[in-house]
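User: I would like to learn how to read the contacts and open spaces of a protein model. Could you take me through the features one at a time?

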Amino acid sequence: MVTITLPDNSTRSFDSPPTVRDIAASIGAGLAKAAIAGKIDGKLVDLSHPVDHDARVEIVTEKSPEALDIIRHSTAHLLAQAVQRLYPGTQVTIGPVIENGFYYDFARPEPFKPEDLPAIEAEMKKIAAEALPVSRSVKSRDEATKFFRDMGEEYKAQIIESIPANEELSLYTQGEFTDLCRGPHVPDTGKLKSFKLMKVAGAYWRGNSDNEMLSRIYGTAWLNDKDLKAYLTQLEEAEKRDHRKIGKQLDLFHQQEEAPGMVFWHPNGWIIWQQVEQYMRRVYRESGYQEVRCPSILDVSLWKKSGHWDNYKDNMFFTESEKRTYAVKPMNCPGHVQIYNDGLHSYRDLPIRYGEFGSCTRNEPSGALHGIMRVRAFTQDDGHIFCTEEQIESEVTAFHEQALNVYRHFGFSDVAIKLALRPEPRLGSDEVWDKAEAALRDALRACGAEWEELPGEGAFYGPKIEYHLKDAIGRTWQLGTMQVDFMMPERLGAEYVDEQSQKRHPVMLHRAIVGSMERFIGILIEHHAGNFPAWLAPVQAVVMNITDAQADYADEVAKALNERGFRARADLRNEKIGYKIREHTLHKVPWLLVVGDREKALGTVSVRALSGEDMGNMPLPEFVERLSSAGVSR
RNA sequence: GCUCACGUAGCUCAGUCGGUAGAGCACUUCCUUGGUAAGGAAGAGGUCACAGGUUCGAUUCCUGUCGUGAGCACCA
């Protein structure tokens, strides 16, 4: 006798152990049909799983939060089966669920091509239509290894060898295809309806670049066609926001072959940069930083002392002169330590905070470059705080507040915090790392923040807090960082004199809010889809005359606006007003001012917002007042 | 760096099964002076990424280099 408790706390008894499917059927035929999997005491299982003891059981249907992952995982198997039907001899490896879909890595001499995808997808649809039942079986380690070796599936055999001995090995079979898998899976392939293969790519076996490259196929899968379509639409939306495209449309910057991973900022783009920089400069000032500036190249000996040479020499640029080797600086911290070291410091001076818009150059691998988001020459809003251990907490909490304010100011309100812990390899003893990690945890706790911990993700000299922001279409970007560093001051000989006249090493905090200016502007472009808030817009207003008769007045209006600190231009071209409006709308100018005979006679402007909204006719001073009160000139 | 794809006018793209290229927009000139998302006409503009090879002939085919894109790996 087995007693089952359902989520509504009702119970059902069975004479012999029922399967999850039996339980669903006993509740209703409709539920049995909709069932995808089950949960026994919170653990996900297949529908065919027997329940041999009293337990709480839940039927997983499309409405359950777990359903999507199961469907995606099963769709990955569907892909593998289709591939093996069409390309016999292809070895299967792994096929996990990822955000929005799944992938499967295959081993074969010829990698898959984009042209192969339609045929594979068609075969998947065919297998889904066959509605093959999916069955689970358990094999011993030796049996399973032999099973896959006999089929020529060397990678699967290797995976089995890496699974801990105490774990059960389960196999899932659908038709002629069997895969090693933890499960659970849908009961039959007919449950898989809304999927699409997206792209092919190379990927290393076990994620290690020393291993052979496999051929990966990415796919997306959803509960229904409507969700699938919505996802594809969202991808199109992301494509429209691409900063490389908008950067070209709005004439913000360009990149060219002779300077891979570097940016040529055009006048429009540089205005945005300056707005961001001036704003961040104010943040430095208001939070007690002194702005400094360091040389771009420094003798390589300094980078050997700091540890950067050991860890990053392959990613640094070097230059030589008169038998000395210099490194183009990849970071600003050693420079800031030199400024700190030039003079004697008392404990009374601490904390000392230096800020710099520091230009860094790193020889990033060519494959890592991406528009202005990942470049070789970039500028950080980089700051370093020299303080005592006791001051860490208050410095970190103050920074935290400041960072959140900045993000809000730029229109980001959804911020997640992560704490990256000690990596391999690293500098320093475990005791020092314990201390550094504890200091950051304490500070976060003091801020009342919630955070996620990322083991192994810290910098080689210290752990770091990371700020991850969500943009307008739900993508996340890591921006700010706060890192505690007990190593660098000692390595580079930074000291202060304490109350007992003893020399001691200060703690160094590395911090950035927007991180790379290039990347941040790229993110701003995509977040706003090019429709910048007026304070960032390269051109805030364009004054357009209707006919030549108002050219002088339009010019006057533009001049008056410029004199009041706004970025305004007059468009006096001999074009129809509709043409000018279209053009400046496409260039995303926040305000379009139309002046004809009426406006000229009355000294007014006719205002049109970027959205197309007609804001009516108003005297120029009133328009200026509106801009000022909207905080546009900051 | 690795795998695959791509590189044609300022931009977006077509095209050439090997006979040195075309559209729209932008640009220049002229006509038009028009009230809220494209008025008309004419003109100019390209060593088809670069370097080799095959060929009577290469933008087209082959090889290499550089760059770009999508992933992987990397991201102090």
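User: How do the residues of the surface near RNA strand B divide into nonpolar, polar and charged?

Analyst: Near means that a residue has a heavy atom within 4 Å of the strand; Ala, Val, Leu, Ile, Met, Phe, Trp, Tyr, Cys and Pro count as nonpolar, Asp, Glu, Lys and Arg as charged, and the others, Gly among them, as polar. Here the surface near RNA strand B divides into 22 nonpolar, 16 polar and 16 charged residues. Please keep in mind that this is a predicted model, in which local features need pLDDT of at least 70 and side-chain atom pairs count only at pLDDT 80 or more, while totals for chains, interfaces and linings use all residues. Residues are numbered from 1 along each chain as its sequence is written, chains are lettered from A and ligands numbered from 1 in the order in which they are written, and side-chain values use heavy atoms, with hydrogens and water left out.

User: Which protein atoms lie 2.7 Å from a base nitrogen of RNA strand B?

Analyst: A polar contact is a pair of N or O atoms within 3.5 Å; within protein, one must be able to donate a hydrogen and the other to accept it, and residues adjacent in sequence count only if both atoms are side-chain atoms. A polar side-chain atom of Glu-599 lies at that distance from a base nitrogen, whereas Ile-546 places a backbone N or O atom 2.6 Å from a base nitrogen.

User: How much space lies in the largest pocket?

Analyst: Rolling a probe the size of a water molecule over the atoms shows where empty space is left. On a 1 Å grid over the protein atoms alone, a pocket is an open set of points where a 1.4 Å probe fits, with protein on both sides within 12 Å along at least five of seven lines, and lining residues have an atom within 4 Å of a point. The largest pocket holds about 1200 Å³, and among its 38 lining residues Arg-362, Glu-364, Phe-378, Gln-380 and Lys-464 are closest to its centre. β28 gives the most to this lining, with 6 residues.

Notes
Points joined across faces, edges and corners; volume = space filled by probe spheres on them. Helix = DSSP H or I, 4+ residues; strand = E, 2+ residues; numbered from the N terminus.
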